[in-house]
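This report describes the fold and the chain contact of one structural model. The sequence and the coordinates are shown first.

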Amino acid sequence: MLKVDNVTKYYGDFPAVNGLTFEVKPGEIFGLLGVNGAGKTTTFRMIIGLLDPTSGEVTLDGKKIDYSVTDTIGFLTEERSLLTKMTVKEQCHYYGILKGMTEKEVDERLDHLLDKFGISSYKDKKIKELSKGNQQKIQFITALLNNPRLLILDEPFSGLDPFNVELFKNEIKEMAEKGSMIIFSSHRMEHVELFCKKIAVLKNGKDVLSGDLKDIKKKYRKKNILVKADIDVDKIKSIDGVLDVIEKPGEYEIKISDESVEEKVFKEVSKCKNVTKFAVEEPSLNEIFIDKVGENYEN
Amino acid sequence: MKTKLWYLVKVSLSHKIKTKWFVVANVLLLILIAGLINIDSVIKMFGGDFDKKQVVYVIDNSNKSYEVLKQQNENYSSLFNSEDESNFEIKKTTEEPKKLLSKKDNKDAWVLVFENSDENVLNVKLISDGFINTTDYAEISTMVNNTKSTVALAETNIDPNELAKISTPVKIEREVLDENKKSEDESMQMIISTVFPIFILPFFALTIFLVQMIGAEVNDEKTTRGMEIIISNVSPKIHLLSKVISSNLFVIIQGLLLVLFAFIGVGLRIMLGTGDISNMASIGNLDIGETLSSFLTSEIASQLVYIIPLTLLMMVLTFIAYSLLAGVLASMTTNIEDFQQLQTPIMIISLLGYYLAMMAGVFEGSLFIKVFAYVPFISAILAPCLLVLGQFSLLEFVIAIILVVFVIFLLVKYGFRIYKQGILNYSSKGLWKKMFKALKSK
């Protein structure tokens with residue numbers, strides 16, 4: 001289990017991460033969210049042992065992070081981390097052997113992964129000759145090479161087409177099923193919602209929202225009601241607890257402050273003609289994020 | 001961690017050596033070095049009248065100078081123990097100079113016109129079609145002056161035997177009182193003071209190569225986030241050590257290849273000659289074969305038994321110091337352009353050492369040069385030069401080595417701290433503050 005226990009990191013007087021606590025159990029996919037500069041990279045750097053926390057502790061299976069532990073971690077960075085002058089094979093050997101694998105082990109695993117991602121023919125090509133999407137695949141492969149116990153994925157779908165996003169998703173799920181702990185960071189909230197059971201949202205280094213995603217959504221009082229009817233928008237807006245009414249193609253989205261407003265809206269809508277839809281939905285993670293952080297993450 | 005260190009060394013070294021450019025560069029170096037060693041043969045191969053003596057036509061209007069000048073020319077030849085050493089072929093003529101020099105065969109010839117002035121003083125005019133070289137000019141001037149003196153003395157009715165004694169150039173015999181110094185080594189030392197910096201030139205070139213190589217390699221890894229993956233699996237200390245070891249192995253391999261190319265060049269030279277090193281062809285006035293033979297029998301050659309190993313040790317230690325410094329500086333920079341600016345002072349320091357080594361023979365006993373011979377980074381070039389010239393004792397050389405070792409110790413102790421911080425620093429903002437803070441950390 002990965003345990004980040006009350007971790008704080010200061011750069012001079014600036015607190016990059018402040019009292020962060022979370023746990024990731026084997027088989028879990030954990031979402032670490034936050035706008036740029038929120039403290040995600042510093043957190044990742046502390047988890048892979050590049051930085052020592054100012055206070056608090058990071059442990060993996062009860063062991064403090066050191067070079068014997070980092071061999072079992074896979075890290076996919078948001079920016080390119082490939083040495084573009086190398087061939088795919090050389091690059092994978094380089095990172096694999098630095099993670100304590102033998103050349104034979106790297107070769108076997110590499111052949112399997114290249115085949116899985118349909119890029120076996122690129123094995124002896126220089127990385128700089130590959131497209132952005134294929135480079136991202138190689139970067140993903142280098143993170144998976146050592147069958148990591150802990151896999152950190154920072155924006156794994158960057159530069160990928162929908163087909164390859166699906167390939168990555170399946171591989172990530174497979175890794176989790178095999179018992180790997182996965183920390184996932186993405187600007188695409190639908191991906192986070194799809195993968196992560198637990199999340200933590202960072203703002204200025206502080207954890208402003210964390211826990212089980214279902215519980216977070218449940219506890220979040222604001223709801224959305226989707227309505228297909230000939231409604232009087234002004235009348236609905238005048239109901240106490242209605243925050244906004246947004247006209248969408250063929251329907252209306254009514255944002256309410258809490259569950260108690262549902263009944264009042266239902267009564268008003270039922271008076272309208274041509275009512276074909278009345279559905280209460282939980283808010284999206286993006287809405288919760290904007291509410292908590294004050295910025296739209298998907299921009 | 002040890003396995004990872006040697007793996008990093010292997011990868012770094014093979015990326016330097018297993019490239020087509022390494023092969024191409026070394027083929028070119030072989031051609032250049034072998035060509036330079038045999039440059040005279042190469043020049044002669046393309047043709048020219050290099051073996052011909054300088055033809056000097058003499059118009060002797062004084063009616064007494066031609067024979068004396070011819071005698072002077074022979075005297076100069078015998079002074080150098082060889083008839084062939086005479087640079088001039090003296091011929092008498094009465095033809096008009098312009099007409100004479102306009103002939104195709106006489107294009108490079110000179111005309112010396114001897115005239116008696118009204119006061120019975122010898123006046124001389126030297127006429128040529130183009131410019132003449134200063135060495136030949138100096139030699140003919142001396143001969144003409146001696147001719148003038150001899151003619152003047154002859155007119156005072158001195159006995160011909162006495163006159164011959166006076167006009168013959170003096171051969172100076174040297175005696176050195178210091179028992180440890182042979183007089184025949186004196187000229188050898190002069191030659192070495194000129195030639196030694198040339199031998200050290202590859203070291204200077206390899207140093208620059210080494211510094212640039214480490215800077216480029218560190219920056220290459222740093223410009224991607226690959227450095228984060230690497231440093232999360234090996235410590236910064238191991239990472240820097242791998243760069244230092246691989247780069248030093250590379251320059252040592254390259255240095256050995258240069259030596260091999262030089263041997264191939266000398267081998268070719270022997271093949272082009274008669275097979276005997278002492279019969280190798282000459283370059284201008286310098287007979288390389290003879291110089292080499294003199295060198296091998298000189299006192300200085302016997303000192304090479306300890307000079308060569310000490311010089312090599314000093315060079316390897318200085319390479320290590322340079323590579324550590326380059327690695328630390330590269331870790332502080334965020335791109336190769338910044339590193340290139342930072343490496344300029346290193347280049348100038350190395351260049352200073354090279355210039356001082358060239359001047360050491362001229363400014364013998366200079367305290368200024370001697371002090372610099374102790375300064376690490378410069379000492380690798382300067383200290384061996386002073387040791388060969390006898391201006392540095394063995395003890396002084398050992399002190400210079402100890403100083404380099406001390407600098408390596410400082411670079412290891414404090415440089416590693418900066419490297420650890422710098423290697424993951426991607427911003428030049430507040431750089432020096434960060435580095436000074438890193439120096440204080442442990």
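## Basis and chain contact

How many residues does the contact take from chain B and from chain A? The contact takes 18 residues from chain A and 18 residues from chain B, where two residues are in contact if their C-beta atoms, placed from the backbone, lie within 7 Å. The model is predicted: local features need pLDDT of at least 70, side-chain atom pairs count only at pLDDT 80 or more, and totals for chains, interfaces and linings use all residues. Residues are numbered from 1 along each chain as its sequence is written, and chains are lettered from A and ligands numbered from 1 in the order in which they are written.

On the side of chain B that touches chain A, at least two residues each are supplied by α1 (2–17), α8 (184–222) and α9 (226–231) of chain B. Helices (H or I, at least four residues) and strands (E, at least two) are DSSP runs, numbered from the N terminus. The largest share of this side, five residues, comes from α9(B). By class, the side of chain B that touches chain A has eight nonpolar, five polar and five charged residues; Ala, Val, Leu, Ile, Met, Phe, Trp, Tyr, Cys and Pro count as nonpolar, Asp, Glu, Lys and Arg as charged, and the others, Gly among them, as polar.

## The two chains

Chain A contains 11 helices and 14 strands, and its C-alpha trace spans about 75 × 45 × 30 Å along its principal axes. Of its 299 residues, 37% count as buried. A residue is buried if 20 or more other C-beta atoms lie within 10 Å of its own, exposed if 12 or fewer, and partly exposed in between, with C-beta atoms placed from the backbone. Among contacts in chain A between residues at least 6 apart in sequence, 67% join residues at least 24 apart.

Chain B contains 17 helices and six strands, and 30% of its 442 residues count as buried. For contacts in chain B with a separation of 6 or more, residues 24 or more positions apart account for 73%.

## The six-stranded sheet of chain A

An open sheet of six strands in chain A has the order β6-β7-β8-β3-β9-β10, with mixed pairing; two strands pair if DSSP finds at least two bridges between them. Its edge strands, β6 (73–76) and β10 (206–212) of chain A, each pair on one side only. Neighbouring strands of this sheet are turned by 15° against each other on average, direction ignored. Axes are lines fitted to C-alpha atoms, for helices over the stretch in contact, and angles run from 0 to 180 degrees between N-to-C directions.

Strands β6(A) and β7 (residues 150–154) of chain A run parallel and are joined by four bridges. Within this pair, Leu76(A) has Leu153(A) in β7(A) as its bridge partner. Helix α11 (residues 285–293) of chain A lies across β3 (29–34), β9 (198–203) and β10 of chain A, running at about 30° to β9(A).

Helix α1 (residues 40–47) of chain A has eight of its eight residues buried, so it is largely enclosed by the rest of the structure. These buried residues include Lys40(A), Arg45(A) and Phe44(A). After α1(A) comes Gly49(A), with a positive phi near 85°.

In helix α10 (residues 261–270) of chain A, the residues Val261(A), Val265(A) and Val269(A) are buried. Seen down the axis of α10(A), its buried residues fall within an arc of 65°, so they line one face of the helix; the arc is that of the directions from the helix axis to the C-beta atoms. On the other side of α10(A), Glu263(A), Lys267(A) and Ser270(A) are exposed. The buried residues of α10(A) pack against elements of chain A including β11 (223–230), β12 (242–248) and β13 (251–256).

## Antiparallel pairs

Strand β13(A) runs antiparallel to β11(A), to which five bridges join it, and antiparallel to β12(A), to which six bridges join it. Asn224(A) has Lys255(A) in β13(A) as its bridge partner, while Ile246(A) stands opposite Glu253(A) in β13(A). The hairpin of β12(A) and β13(A) has two residues between the strands, and Gly250(A) takes a positive phi near 80° there.

## Nonpolar cores

The largest nonpolar core has 123 residues, and those with the most contacts inside it are Ile152(A), Ile182(A) and Leu382(B). A nonpolar core is a set of buried Ala, Val, Leu, Ile, Met, Phe, Trp, Tyr and Cys residues joined through C-beta atoms within 7 Å. Helix α12 (residues 299–332) of chain B gives the largest share of this core, 14 residues. Apart from this core lies another, of 15 residues, among them Tyr57(B) and Ile90(B).
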